[in-house]
Amino acid sequence: MNQDRFFDDRLCELAAAATYEDMTAVVHTMRDHYGVRNLTYRKLRQEGAGKVSSRLALSTVDPEWFRQYEAREFIEIDPVVNAAWQSPLPLDWDGIDRRSRNARYFFSEVDRYELGDRGLTIPISPINKPPGLLTILARGLSDVEWKAQKRRCEADLLLFANHIHFHALRLDERRPADPLLTDRGHVCLEMVLNGHKPALIGKLLGLSIHTVRMHLRHAQERLHCQSLPGAVGKAVELGIIKKTAQIMSYGLLVQLVRENSFLDVASALAA
């Protein structure tokens, strides 16, 4: 199969994708075709003040890396994310300043998980839409081999980056806004938005902290987010939860919980 036919087929697969799993399969095919170690697409959210959070990752990387990335809030120190927005051009990781302690630590973790020792990241910045990143990772290549690898796939990946981002946003828009969350998941997530910690939520709702965390994790999964802050932010975006003008009184919460009125708790929180 010639290169043009291969690439057109992958774009057609993206256009036909009905789920993120369909899109991930295309990512794997692209990784194998170009012979790189890993290929990762990430959809981000702009949080203001130059900050971003991670909303979605479609990748050939071991999922444990992304679990650690979210749990340890690597996005706060990720020098790739920080550097990618300095220019609309692809970012070669060889040019990233690694002198800071955070940068050295981040790249030491990248190496520990054997993601790749060379990378090329393509920033995706559509107007009035969430940004994204597409990254290829290679391992064990010489300078000459890495230069040849980039030359072979960079132009294709620039186009692929915009297509996969467009279709990831398309799937987002297709997803029904309601009902995304269970009653308890809705209540727990809205309480997090309003400043409550899982331990207090458990106490107020008469649930164990393990159960609260389970509801929050399920809410996170239903919203297709990789972190709890991301799930809270997305639920706000979709109008599912909102910030209250004042914290609900402990007495009212206890009364509603004793009656097992979880929808009433949600209504009271939204009042």
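Author: A residue is called buried when its relative accessible area is under 20%, exposed when that area is over 50%, and partly exposed in between, with a 1.4 Å probe and protein chains only. By that rule, 48% of the 271 residues of the protein count as buried. This is a predicted model, in which local features need pLDDT of at least 70 and side-chain atom pairs count only at pLDDT 80 or more, while totals for chains, interfaces and linings use all residues. Residues are numbered from 1 along each chain as its sequence is written, and side-chain values use heavy atoms, with hydrogens and water left out.

Reader: What makes W65 and F106 an aromatic pair, and why is the pair called edge-to-face?

Author: Rings of Phe, Tyr and Trp (its six-membered ring) pair if their centres lie within 6.5 Å, and planes under 30 degrees apart count as stacked, over 60 as edge-to-face and the rest as tilted. The ring centres of W65 and F106 are 6.0 Å apart and their planes stand at 70 degrees, so the pair is edge-to-face. A search of the whole structure finds ten aromatic pairs.

Reader: Why can the pair of W65 and F106 be said to tie together parts that are apart in sequence?

Author: Helices (H or I, at least four residues) and strands (E, at least two) are DSSP runs, numbered from the N terminus. W65 belongs to helix α3 (residues 63-71) and F106 to helix α5 (residues 101-112), so the pair ties together parts 41 residues apart in sequence. Both W65 and F106 are buried.

Reader: Which type of pair do F74 and F106 form?

Author: F74 and F106 are edge-to-face, with 6.0 Å from centre to centre and 80 degrees between the planes. This pair links distant parts of the chain, with F74 in the loop between α3 and α4 (79-84) and F106 in helix α5, 32 residues apart. F74 is buried, as is F106.

Reader: How do you know that the charged end of R98 sits over the ring of F107?

Author: A charge sits over a ring if NZ of Lys or CZ of Arg is within 6 Å of the ring centre and within 35 degrees of the ring normal. The charged end of R98 sits over the ring of F107, 3.8 Å from its centre, and that of R10 sits over the ring of F6, 4.6 Å from its centre.

Reader: Which residues form one aromatic cluster?

Author: One aromatic cluster is formed by W65, Y69, F74, W93, Y105, F106, F107 and Y113.
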